[in-house]
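Trainee: I would like to learn how to read a model of this kind, feature by feature. Could we go through it together, with the general idea set out before each case?

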Amino acid sequence: MVFGQRFLPAVFIGSLLFHLTQQNSDLNADFSMPVIIAAGSALQAWVNYRVLHYRGLDTVDSPEYSQVVFFILSALCCNWINTFVANTALSLTSASAMDWNMMSIWWIGDFLGVLLITPLLLSLLLKQPDNTTKINQIKWLALPLLLSVIVL
């Protein structure tokens, strides 16, 4: 949201590196699965960016309640993209049926990540007069974020 589409390569590389470290340390390991998952992550980030950009959402500078709700619903829906891409690729390579339980866990994990990390990052990126305001914002974000984790 802050850096626009320029951040998509970083999403791809970050996801690729994360999933490469999750593989076995075999030298003959198949690199296609981490690449597919990373492409799904970048696609998910791009679609989410386009949806938020199309709606003219500004979640950085004092968003309205309706904008926050739309952001959360957008994240809830867009997180299915990489979940579906990755699990489809996994089911095709292992010749097994789609694992809906694994898909729901992956989706909830991605959604929790967006729900928890985004407010913290945005509070750190806001231009504020001093550090005490920033510290107070993080303190006030901690309780709602903790409650979100407990509820979900």
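Trainee: Where is F7 placed, and how does one read its relative accessibility?

Mentor: Helices are DSSP runs of H or I with at least four residues, strands are runs of E with at least two, and both are numbered from the N terminus. On that reading F7 lies in the segment before α1. For accessibility, buried means under 20% relative accessible area, exposed means over 50%, and partly exposed is what falls in between, using a 1.4 Å probe and protein chains only. F7 has 43% relative accessibility, so F7 counts as partly exposed. The C-alpha atoms of F7 and A45 are separated by 9.0 Å, although the two residues are 38 apart along the chain.

Trainee: Before we continue, what kind of model is this, and which conventions apply?

Mentor: This is a predicted model, in which local features need pLDDT of at least 70 and side-chain atom pairs count only at pLDDT 80 or more, while totals for chains, interfaces and linings use all residues. Residues are numbered from 1 along each chain as its sequence is written, and side-chain values use heavy atoms, with hydrogens and water left out.

Trainee: Which residues does W46 touch, leaving out those up to four places away in sequence?

Mentor: Contact means heavy atoms within 4.5 Å. W46, which is found in helix α2, touches Q5 and L8 once residues up to four places away in sequence are not counted. With a relative accessible area of 36%, W46 is partly exposed.

Trainee: How many residues does helix α2 have, and what does its reach tell us?

Mentor: The expected span of a helix is 1.5 Å times one less than its number of residues. Helix α2 (residues 32-54) has 23 residues and reaches 32 Å from its first C-alpha to its last, which is close to the 33 Å expected. The buried residues of α2 include M33, P34, I37, A38, Y49 and L52. Just after α2, G56 takes a positive phi of about 65°.

Trainee: What can be said of D30 and L20, ten residues apart along the chain?

Mentor: D30 is found in the loop between α1 (8-21) and α2, whereas L20 is found in helix α1, and their C-alpha atoms are separated by 9.6 Å. D30 is partly exposed, with a relative accessible area of 47%, and L20 is likewise partly exposed, at 28%. Leaving aside neighbours within four places in sequence, L20 is in contact with F31 and P34. The C-alpha atoms of L20 and M33, 13 residues apart along the chain, are separated by 8.9 Å.

Trainee: How many aromatic pairs are counted, and why is the pair of W80 and W107 called stacked?

Mentor: Rings of Phe, Tyr and Trp (its six-membered ring) pair if their centres lie within 6.5 Å; planes under 30 degrees apart count as stacked, over 60 as edge-to-face and the rest as tilted. By this rule the count comes to one aromatic pair. The rings of W80 and W107 have centres 4.8 Å apart and planes at 15°, so the pair is stacked. The pair links distant parts of the chain, with W80 in helix α3 (residues 65-94) and W107 in helix α4 (residues 100-125), 27 residues apart. W80 is partly exposed, with a relative accessible area of 32%, whereas W107 is buried, at 18%.

Trainee: Finally, what does the protein look like as a whole, in secondary structure and in contacts?

Mentor: The secondary structure comes to five helices and zero strands, and along the sequence the pattern is α-α-α-α-α. Buried residues make up 29% of the 152 residues in the protein. Among contacts between residues at least 6 apart in sequence, 59% join residues at least 24 apart.
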